[in-house]
Amino acid sequence: MTLSLIKFSSEDCGICHKMSFYDQKVATELGLDFIDVKMQDTATYRKYRKVLLSLYPDKSQMGWPTYILCTQPEAEFKIVGEVKGGHPKGEFRDRLQTLLNTAS
């Protein structure tokens, strides 16, 4: 079962931009599919909106960025976990690895 990591971010978010230097690389190293969803990209956002809204119906509690780890994001998805906000590369990797450990 391949897991996908969906990054919900904004073009105006400095932390989101900073994390973009390593988040996709870390996800790939951990064997995850990486999907980058900028809120301003309405076509891509519409495609994955149901995943985000299942955790944050009104988006008020989400962080910038919010990473959601799930199965089959384009079908009957199941959420495995999430990482919210900005983290240094090592901590980001550790948080994802912890989610993967609980998933298996």
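## The two faces of helix H4

On helix H4, the face turned away from the buried side carries Asp94 and Thr102, both exposed. Here, buried means under 20% relative accessible area, exposed means over 50%, and partly exposed lies in between, using a 1.4 Å probe and protein chains only. This is a predicted model, in which local features need pLDDT of at least 70 and side-chain atom pairs count only at pLDDT 80 or more, while totals for chains, interfaces and linings use all residues. Residues are numbered from 1 along each chain as its sequence is written, and side-chain values use heavy atoms, with hydrogens and water left out.

Which residues of H4 are buried? They are Phe92, Leu96, Leu99 and Leu100. Seen down the axis of H4, the buried residues fall within an arc of 100°, so they line one face of the helix; the arc is that of the directions from the helix axis to the C-beta atoms. The buried residues of H4 pack against strand S1 (3-9), helix H1 (14-19), helix H2 (23-29), S3 and strand S4 (78-84). Contact means heavy atoms within 4.5 Å. Helices (H or I, at least four residues) and strands (E, at least two) are DSSP runs, numbered from the N terminus.

## The end of the helix

Ala103 also belongs to helix H4. Ala103 is partly exposed, at 33% relative accessible area. Leaving aside residues up to four places away in sequence, Ala103 touches Leu3 and Val80.

## An aromatic pair

The structure holds one aromatic pair. The rings of Tyr67 and Phe92 have centres 4.7 Å apart and planes at 55°, so the pair is tilted. For rings of Phe, Tyr and Trp (its six-membered ring), pairing requires centres within 6.5 Å; planes under 30 degrees apart count as stacked, over 60 as edge-to-face and the rest as tilted.

Tyr67 lies in strand S3 (residues 66-71) and Phe92 in helix H4 (residues 89-103), so the pair ties together parts that are 25 residues apart in sequence. Both Tyr67 and Phe92 are buried.

## Backbone points to check by eye

Most residues other than glycine have a negative phi, and most peptide bonds are trans. A cis peptide bond joins Trp64 and Pro65, with omega about -10°. Pro65 sits in the loop between helix H3 (42-55) and S3.

Lys59, in the loop between H3 and S3, has a positive phi near 65°. Gln72, in the loop between S3 and S4, has a positive phi of about 40°.
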